[in-house]
Amino acid sequence: MSQHGWADEGFGAVADAFARNFAEGRELGSAVAVFAGGRKVVDLWGGTADDRTGRAWDEDTVLPVMSVAKGLISVCAHLLAQQGALDLDAPVADHWPEFAQRGKEAITTRMVLANTAGIPLVEKQLTFEELTRWTPVIRALEEQPTLYEPGTAFEYHAHAFGFLIGELIRRLTGRTPGRYFREAIGDALALRTWIGMPQTEVPRLARLAEAAGRAPLPSADLLPMRALTMNGVLPFPGLDDPHGYNSPALLTAEFPAAGAVSSARGLAALYAAVATGVDGAPRLLGADTVTDAVRQVSGGASWSGFPDLGARWGSGFLVDSPFRRLLGTRSFGNSGAGGQFAFGDDEFGVGFAYTANLMGAGADPRVDRLIGAVRTCVGAPEPVAGS
């Protein structure tokens, strides 16, 4: 593998870990980026962007990052809360009156962010064309009854998360979540990160491939909101596999919980902007806002019976937990199906992102290895086993 890019002195361990992933045959194409103290210190990429053509991964390559998208939506929600426009502990229906029916009257924004709102899915069958028009999804969410008492149990709200928070963003700002993200955050930071990828980016898109041995059913990140049950899923018909996520038709639409497209550099810069600010600019979210975001509010076994994997959730973010060891109690991020991950930490001043187009199978050490290298480079303590 030809590795491109660079790592600052003091961050060579990240470059070594990145190269090791390729040397062990765990990668097709991938990238990793790290900011420290608001400055980019690692920017590496390599491998193959498209296994059909052999097109090489380059510094402008972007790819579907699945539920890493939830981090973008969550940053937007916390930004609106910080500005005083959104009370995370008030009912969603305060801004969306039509939502207050069928057991949803007391659901708060924080319950949605914590995956405890009791509406992890939409049972109404929607066509792909309806999903891309936004309003049919919102009407289906209004009509959807809760599956359990809101606030009492954890269940990953794979796609409902993005449409619920996205509709609040739309009602507060007059802009869909993808447009709001770009206008409020993405454009100012020149991020190669979108919810609703521009058509002009299609030629730079990496193609996802599934590693040998990967489970045939999609993870929660890949569950489409049509004909969806707790036990199985019908994929989007006619869209490019895996499960539609290589299709420009899906990626150029707004699927705000799992349909973002980004480079590693764009995601790392976003989390750095939240944690420290970038290149001398003020940080995007203040310390008090991050404190609120990283406070654990959910986790454990799911309502549907999925076992406790040790994941702990703050308000919209995965926080440091046995499921994924980060840098410490101020770390916050989101993972995506197949191995994508991005996080920030304002104690250690880090923004990090890893993107890869070979969707991992079984024990997948790639991102944990990279995070471990960052931990060493910034002097964060090693996690205590079992904590």
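1. Is Arg133 buried, partly exposed or exposed? At 46% relative accessibility, Arg133 counts as partly exposed (buried means under 20% relative accessible area, exposed over 50%, partly exposed in between, with a 1.4 Å probe and protein chains only). Its salt-bridge partner is Glu129, with the closest N and O atoms 2.7 Å apart. Glu129, at 43%, is also partly exposed.

2. This is a predicted model, in which local features need pLDDT of at least 70, side-chain atom pairs count only at pLDDT 80 or more, and totals for chains, interfaces and linings use all residues. Residues are numbered from 1 along each chain as its sequence is written, and side-chain values use heavy atoms, leaving out hydrogens and water.

3. The whole structure holds 29 salt bridges (a salt bridge is a side-chain nitrogen of Lys or Arg within 4 Å of a carboxyl oxygen of Asp or Glu).

4. Glu59 lies in the loop between strand 4 (55-56) and strand 5 (63-64) and Arg265 in helix 9 (residues 264-275), so the pair ties together parts 206 residues apart in sequence (helices, H or I of at least four residues, and strands, E of at least two, are DSSP runs numbered from the N terminus). Glu59 is partly exposed at 44%, whereas Arg265 is buried at 19%.

5. Arg110 and Asp292 form another salt bridge, their closest N and O atoms being 3.2 Å apart. Arg110 is in helix 3 (residues 109-113) and Asp292 in helix 10 (residues 287-294), 182 residues apart. Arg110 is buried, at 9%; Asp292 is partly exposed, at 24%.

6. Arg20, Glu24, Arg26 and Arg369 are linked in a network of salt bridges.
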